[in-house]
Amino acid sequence: MCGIFGYLGKRDDALELVIKGLQKLEYRGYDSWGVTTDLDGELFVEKKVGKISEANLDDFKDKKTGLAMGHTRWATHGGVTDVNSHPHFDPERQIAVVHNGIIENYQELRDELGKENFVSETDTEVIAHLIAKYRKELPFKEAVLKTIQRLEGRYAIVVMNVGENYLIAARRGSPLIVGIGDGEYFLASDIPAFLEYTQDVNYLDDNEMVIVDGGVEFLNLETGDPIDKRLVNIDWQAESAEKGEYDHFMLKEIMEQKETIHRAINQDTDEIMHIAQQIKSSRGCFLSGCGTAGKVCMAGEYFFSMIAHRHVNFAPSSEFPIYHHFLRPESLLVVISQSGETADVLEAMEAAKSKGSKVLSLVNVEGSTIARQSDFSLHIKAGPEKAVASTKAATSQMALLLLIATAMIGELQEGRRLLAEVASKINDILNPRFLTYIKSVAEAIKDHENCYIIGKAENYPMALEAAIKIQEVSYIHAEGFAAGELKHGPIALITEGTPCISIVANDEVKQDIISNTMELKARGAYIIGISPENNEAFDEWIKVPDVGVASPLVNIIPIQLLAYYIAVLRGLDPDMPRNLAKSVTVK
Ligand code: M6R
């Protein structure tokens, strides 16, 4: 939630650079934005409700400066207004702060500092006021350190002080990365903000602070002592975080699935075997994630059961902490996350660690908090995923879970062969004719208010995932069901013409789900069948390849496309759906 970006260096167009960087972080929040700099001892500030992609760079061209910072907001405390946008300031407007996270003790600090002195409704403003208070008796850097030591909650913050040429940043629970260029420094919530300038980074860890002033100095937040950090070279290319020839990141990322599955499965064999072995030797294995990653975990439950005959339990991360009663040192938690920063997942990990259980993770963002706080982490290598709707990360995560299941029974090579075939068949289906057909189906259902999706066995989680995809980008009410559950209630929702998607794999439950599909059709539903074979129950048939137990990986792709096209046809922006943000760093 929220993107922050600060720059200090040799360029004199720091304001424009910060705005361009924030535009690359817009997926983290797009309620409002703000930037600030020090222009010859005078604070310059611009804050606006709306998307930073709509900012006009020409308005900033004459503001020459080598230091600037800014923020793109996903509102938590305080409505979506100009005044609640970051940066926030002390009463004298000498100290500016941008913040990602939540300061839990902000009410108490507001009372202490005098409520009447605050201009915004945010939790963030207390940081600037508190620094100003300590500034009266301490040097600025010490005042910042003392302030941060009093904050409770999760945060990444960047602070500047008018008249002083440096930035100070700190983190606890929200990401912050330091990009080290040639005579220039970048502080950002995510790497794409500065990827075109440098690939050398230091990840700031929890309870660390960095002072950027023509060099970088890292400090421990609790003791104030200096610490050494390892410089990491990122192997992403700047173009991988750009839309390129596509209108939207969502479409680009769907199309990339021809390559991303290959990258996911060509992992180091020892690492796959290590995870397989850990799952095998655990006593009580749990899979956990949120949203789409949670549905991937559910698919994993089926893969482990069908392929490795091994029982693993799925729990959404927001519910997982209550499972602590079942956790022991021999238990294992495997968490899945694209961003590696999801707060609910981090809390699930804390619950497991508090019982001495081991935590493994599959993440897309290397160096992310979840990756670093796991006992062992596997990188899914899907490349930057910028659209809020998760697509390529989900199929890569499923591919890895399936591969691990095959490794557990000594059939890793067979698993790799199957998944290579899946990747090649995805390459075949993602052709212009297929896309045109999906678009025509989207046209047929785009004006409906409801849409239902049914799946069975390993495709039941895909019915749930399909509902998330359609809900979040098209705003149509969509619900996924286990096909056999329809007759126990949901079938009452079906009326003449209600669009229903039926995911029918060529598996042992095929006849059952066909019967359920017929039950829907008999009540007037308009049936969109996703299946390797046509059936009289289908009004529309989306043909997908038959890839056996890996069917969820191919079946979800037309639904991702369908959700995308419905959004576009309804005039919506699929990359930045309302009320959402890519990375959910609040509980
Ligand atoms: O970064 P994560 O994979 O941990 O994110 C989890 C969910 O927030 C995420 O999958 C969300 O549900 C997506 N917007 C769905 O497309």
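In what order do the seven strands of the open sheet stand? In this predicted model, the order is β5-β6-β7-β8-β12-β13-β14, and the strands pair in an antiparallel manner. Strands of a sheet pair through backbone hydrogen bonds, and the pairing can be parallel or antiparallel. The edges are taken by β5 (88-89) and β14 (226-227); each has a single partner strand, so one side of each is left without a neighbour in the sheet.

A helix joins the picture here. Helix α4, residues 140-148, packs on the sheet and touches β6 (95-103), β7, β8, β12 (208-212) and β13 (216-220). The direction of α4 makes about 165° with that of β7. Within the sheet, β7 (residues 153-161) and β8 (residues 167-172) run antiparallel and are joined by five bridges. To follow the pairing on the model, one can look at Met160, whose bridge partner in β8 is Leu167.

The size of an interface is often given as the accessible area lost when the parts come together. Between domain 1 and domain 2, about 1300 Å² is buried, with carbon and sulfur atoms giving 49% of this area.

Charged and polar groups also meet across this interface. One salt bridge is found between domain 1 and domain 2, along with five residue pairs in polar contact. The side chains of Asp205 and Arg372 form a salt bridge, at 1.8 Å from N to O.

How values were computed
Residues numbered from 1 in each chain as written. Predicted model: local features only at pLDDT ≥ 70, side-chain atom pairs only at ≥ 80, totals over all residues. Heavy atoms only, no water. Pairing = 2+ DSSP bridges. Helix = DSSP H or I, 4+ residues; strand = E, 2+ residues; numbered from the N terminus. Contact = heavy atoms within 4.5 Å. Axes fitted to C-alpha atoms, helices over the stretch in contact; angles between N-to-C directions. Buried area = accessible area lost by both parts, 1.4 Å probe. Salt bridge = Lys/Arg side-chain N within 4 Å of Asp/Glu carboxyl O. Polar contact = N/O pair within 3.5 Å; in protein donor to acceptor, adjacent residues only side chain to side chain.
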